[in-house]
Amino acid sequence: METVAAGYEFAHRDDYEGRRVLPHSHGSQGCCAYHRSTLTRHYKEPVMAGTSSFTEGASVFGGQANLIQAIHNIFSIYEPEVIAVHTTCLSETIGDDIPQIIAKAREEGKIPAGKYVIHANTPSYVGSHVTGFANMVKGMVDYLAEANGHKENRINLIPGSVEPCDMEEIKRLAGELGCPSSCFPIPPTS
Amino acid sequence: MAVKPDDVHSTIVGLGADEVKMELLEKYPIKVARKRAKQIVINRTDPKAGPPEIMANVRTIPGIITQRGCTYAGCKGVVLGPTRDIVNLTHGPIGCGFYSWLTRRNQTRHKSPEDHNFMTYCFSTDMQDEQIIFGGEKKLRQAIQEAYDLFKPKAISIFATCPVGLIGDDIHAVAREMKEKLGLIGGGQVQVPGEKGHALCGRLPGAPLSGTVPGNRHGNRRRGV
């Protein structure tokens, strides 16, 4: 629930690299509706996110079936390149193991080739939205970063929980210093 | 598929209504499509059977983007939350309280300067992992006491959230105890963990309370907001 800002930033990578990312809230649907309406009001544009739509049954038997079905549906209907799953109090408290569920979904062929499902643990009762932002950024690095042996003379700037306008300023400052840099996560600036 | 004369009124961008529906369903996986087909109907009245019935009030399919809320949202945002003169306390982690902060959407005017208006506040027990493990009843009791000491409200309503439902805090017992201790009126505790149904279900547990909460110490009924 706290990763909304990260999810938003991430979702807008498509402005740059042709990537399409759908944040996904693994829990009951209220968490998803709440952060979507908050971000939609804040950014004054529609913000999309999926949800595992937990019911009492899922709370008792675990959310594995819900997440696998959600992954299958999302890749079939909305066709993102990446699904960024974040957990909620509900799925954290019942103890859903997201990497295991993702592995099972891949085994069952629910994740098309070349597409990714990444995750971050974000219970609301640990830390604040800043913690959630950091967790999701770490999730992105963990799942997507690969060493290729080459060294680039560039600096990756990985800020904490900041607004897109702050990212724009960081980029400008880096440019003024003559420092080749790339901001990560890439913000919705132009 | 040729457009039949009786379909002309429902023609969209040169497609007949059936074609539009088929195109909408094409993307769904087969099982999901079967269910969604009942949720998209063509408004074509059969003289014998009457208007078609649309499938509604069923659980959302996981992964389908939805704007539906949770039970807590219905209760906090719709039923008891927008009451000006009682303290509405969310028993749960801070996210639930923050995202259901009503702010400017629910404006109200109090009758006199002495009158209570808690609309702009957002009360929460701010549960941490310690409460998830050892129980949150103690913190709830503290929060009620603190809210009472600061504001002296005539009633306090408590909203449970997902983790509270899971760990099994007895908020009814805490509410009874604090009600007696502080002399509050009304039985304002509502057990609404978010996973139980969707936003509309939250209105059901709230409904029986509407008769008891908006009163005062003398038992006079008056309007809530």
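Biologist: Start with chain B. How many helices and strands are there in chain B?

Modeller: Chain B has nine helices and four strands. Helices (H or I, at least four residues) and strands (E, at least two) are DSSP runs, numbered from the N terminus. Along the sequence, the pattern of chain B reads α-α-α-β-α-β-α-α-β-α-α-β-α.

Biologist: Before we go on, what should I know about the model and the numbering?

Modeller: This is a predicted model, where local features need pLDDT of at least 70 and side-chain atom pairs count only at pLDDT 80 or more, while totals for chains, interfaces and linings use all residues. Residues are numbered from 1 along each chain as its sequence is written, chains are lettered from A and ligands numbered from 1 in the order in which they are written, and side-chain values use heavy atoms, with hydrogens and water left out.

Biologist: Good. What share of chain B is buried?

Modeller: Of its 225 residues, 43% count as buried. Buried means under 20% relative accessible area, exposed means over 50%, and partly exposed lies in between (1.4 Å probe, protein chains only).

Biologist: And what share of the contacts in chain B is between residues 24 or more positions apart?

Modeller: That share is 69%, out of the contacts with a separation of 6 or more. Contact means heavy atoms within 4.5 Å.

Biologist: Pick out one residue of chain B. Where is Glu180(B)?

Modeller: Glu180(B) sits in helix α8 (residues 171–182) of chain B. Glu180(B) is exposed, at 70% relative accessible area. From Glu180(B) to Val20(B) is 160 residues in sequence and 61 Å in space, C-alpha to C-alpha.

Biologist: New topic, the interface. How many residues does each chain bring to the contact?

Modeller: Chain B brings 38 residues and chain A brings 39 residues.

Biologist: How much area do chain B and chain A bury between them?

Modeller: About 3,200 Å², with 62% of it on carbon and sulfur atoms. Buried area is the accessible area (1.4 Å probe) that two parts lose on being put together, summed over both.

Biologist: Which residues of chain B lose the most area to chain A?

Modeller: Pro62(B), Ile65(B) and Tyr99(B). Together they make up 23% of what that side buries.

Biologist: How many residue pairs are in polar contact between chain B and chain A?

Modeller: The count is 10 residue pairs, both residues at pLDDT 80 or more. A polar contact is a pair of N or O atoms within 3.5 Å; within protein, one must be able to donate a hydrogen and the other to accept it, and residues adjacent in sequence count only if both atoms are side-chain atoms.

Biologist: Which elements of chain B touch chain A?

Modeller: Those that give two or more residues are α3, α4 (94–99), α5 (129–134) and α7 (162–167) of chain B. By class, that side has 20 nonpolar, 11 polar and seven charged residues. Ala, Val, Leu, Ile, Met, Phe, Trp, Tyr, Cys and Pro count as nonpolar, Asp, Glu, Lys and Arg as charged, and the others, Gly among them, as polar.

Biologist: Now salt bridges. How many cross the interface of chain B and chain A?

Modeller: Two. A salt bridge is a side-chain nitrogen of Lys or Arg within 4 Å of a carboxyl oxygen of Asp or Glu. Over all chains the count is 11 salt bridges.

Biologist: Show me a pair. Which residue forms a salt bridge with Glu56(A)?

Modeller: Arg59(B), with the closest N and O atoms 3.3 Å apart. This pair crosses between chains, from helix α4 (residues 56–61) of chain A to the loop between α2 (30–37) and α3 (71–79) of chain B. Glu56(A) is partly exposed at 32% relative accessible area, and Arg59(B) is exposed at 52%.

Biologist: What about Lys138(A)?

Modeller: Lys138(A) forms a salt bridge with Asp142(A), the closest N and O atoms being 3.1 Å apart. They are separated by about one helical turn, because they lie four residues apart in helix α8 (residues 129–144) of chain A. Lys138(A) counts as exposed at 51% relative accessibility, and Asp142(A) counts as exposed at 51% too.

Biologist: Last topic. How far does helix α5 of chain A reach?

Modeller: Helix α5 (residues 64–77) has 14 residues and reaches 20 Å from its first C-alpha to its last, close to the 20 Å expected at 1.5 Å a residue. The expected span is 1.5 Å times one less than the number of residues. Its buried residues include Leu67(A), Ile71(A) and Phe75(A). Just after α5(A), Glu79(A) takes a positive phi of about 50°.
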